[in-house]
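Please keep the sequence and the structure in view while reading.

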Amino acid sequence: MSHRRIRFYGAAGQVGTIAVTLLGLLLLTFFIGRLMPADPVRAIVGEDATRETYEQVYRSLGLDRPLWEQFFYYLGDVFTGNFGTSIRTGRPVIQDILHVMPATIELATFAILIGAGLGVPLGVFAAVNKDRWPDHVVRVFSLFGHSMPIFWTGMIALIVFYAHLGLVGGSGRMDQFYIGLVEERTGFLLIDSLIAGEMDVFWSAVNHIILPAALLGYSSSAYITRMTRSFMLDQLGQEYVTTARVKGLSRNQTIWQHAFINIRVQLVTIIALAYGSLLEGAVLIETVFAWPGFGQYLTNNLITGDMNAVMTCVLIVGVIFIGLNLLSDVLYRIFDPRTR
């Protein structure tokens, strides 16, 4: 069989896997919406609505149809970009999500840069100094980051660094004085303020994002550090490392030019998954810092029983992880020619 045909079947298999995964995700999302204890009809008509009004809305939502028929209607709506209207805001759900998502992406991107920038070097440093005091210090540092509740560290950090020391901004994405001064073009406040030339707004946004991003970055760095240490220990125990030292390569050359290169593919997956977790799991830190992002939007809609919004959020989280896995596959092929 030719290499071209092998690549074709490989690509076809990958497309098929993605299609099956998406279908499974859509099924899961649909049944979550149907099995949730919240009553979508009651959320629309209110507790004091008459039985006739309730039945009318129940039929208008298609809830009187068989489940299989409801699912096919749901598929049709998803593929045409119709995710329904939010009961809480009265706007299309996709419009709400496009409005809040940039805030979470901005926060998660800063956090993963901190997490990876801190976690990878610390993991390598701990592995190189295995079972010595630097290794123990790094492991304790990671243990604290992994085990401390993020909402608790968030509140303590606000009290110390904002309320007492005044080193950073408080809740929200910027000071109240600057709200409405910058036109929302991309939704990313840092970019929009630079485009508008409003440097005061830009530095206010930087001042507000530092603390929540640092806390999320520290939390994700704990996971990245532990995994990097584990990967490096495995590589440092290989024979090629000993051979490289025997040939006269320095310690740093052996570590960074040989051992570290062989864990890049694994690190890509770890960092991508950590980034996905930050995008969908920053609920607590967004709540503590009143950050108007995706996590807070999902939480508010869960509380009010807005199932259109909840189902769409769950679907988007799944699509994010599928997309990150695809990105990981692409980066695999760049970093490791053997996977091409």
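Helices are DSSP runs of H or I with at least four residues, and they are numbered from the N terminus. With that numbering, I270 belongs to helix α12, which covers residues 264-281. The model discussed here is predicted.

**Overall composition**

- The protein chain contains 15 helices and zero strands.
- Of the 340 residues in the protein chain, 39% are buried.
- The protein chain exposes about 19,000 Å², and 64% of this area is supplied by carbon and sulfur atoms.

- I270 counts as buried because its relative accessibility is 7%, and buried means under 20%.
- Setting aside neighbours within four places in sequence, I270 is in contact with Y223, I224, M227 and F231.
- I270 and Y223 are separated by 47 residues in sequence, whereas their C-alpha atoms are 8.6 Å apart in space.

**Helix α6**

- Helix α6 runs over residues 133-147 and has 15 residues.
- From its first C-alpha to its last, α6 reaches 21 Å, close to the 21 Å expected at 1.5 Å a residue.
- The buried residues of α6 are P134, D135, V138, S142 and G145. These residues cover an arc of only 100 degrees around the axis, which puts them on the same side of α6.

**Helix α8**

- Helix α8 spans residues 189-196, and L189, L190, D192 and S193 are buried in this helix. Seen down the axis of α8, the buried residues fall within an arc of 165 degrees, so they line one face of the helix.
- What covers these buried residues includes α5, at 93-128, and α9, at 199-236.
- Just after α8, G197 takes a positive phi of about 75 degrees.

- T153 lies in helix α7, which comprises residues 150-164.
- Is T153 buried or exposed? T153 is buried, because its relative accessible area is 12% and the cut-off for buried is under 20%.
- Apart from neighbours within four places in sequence, T153 is in contact with M148 and L215.
- I159 is also found in helix α7. I159 counts as partly exposed because its relative accessibility is 45%, between the limits of 20% and 50%.
- I159 is one of the residues that make a nonpolar surface patch of about 900 Å².
- Which helix supplies the largest share of the nonpolar patch? Helix α7 does, with seven residues.

- The chain has helices and zero strands.

Conventions: Residues numbered from 1 in each chain as written. Predicted model: local features only at pLDDT ≥ 70, side-chain atom pairs only at ≥ 80, totals over all residues. Heavy atoms only, no water. Helix = DSSP H or I, 4+ residues; strand = E, 2+ residues; numbered from the N terminus. Buried < 20%, exposed > 50% of the residue type's maximum accessible area, 1.4 Å probe, protein only. Contact = heavy atoms within 4.5 Å. Patch = residues over 30% accessible without salt bridge, like charges linked within 9 Å, V, L, I, M, F, W, Y side chains within 5 Å. Areas by Shrake-Rupley, 256 points an atom, 1.4 Å probe, with all protein chains shown as cover. Salt bridge = Lys/Arg side-chain N within 4 Å of Asp/Glu carboxyl O. Arc of directions from axis to C-beta. Expected span 1.5 Å × (residues − 1).
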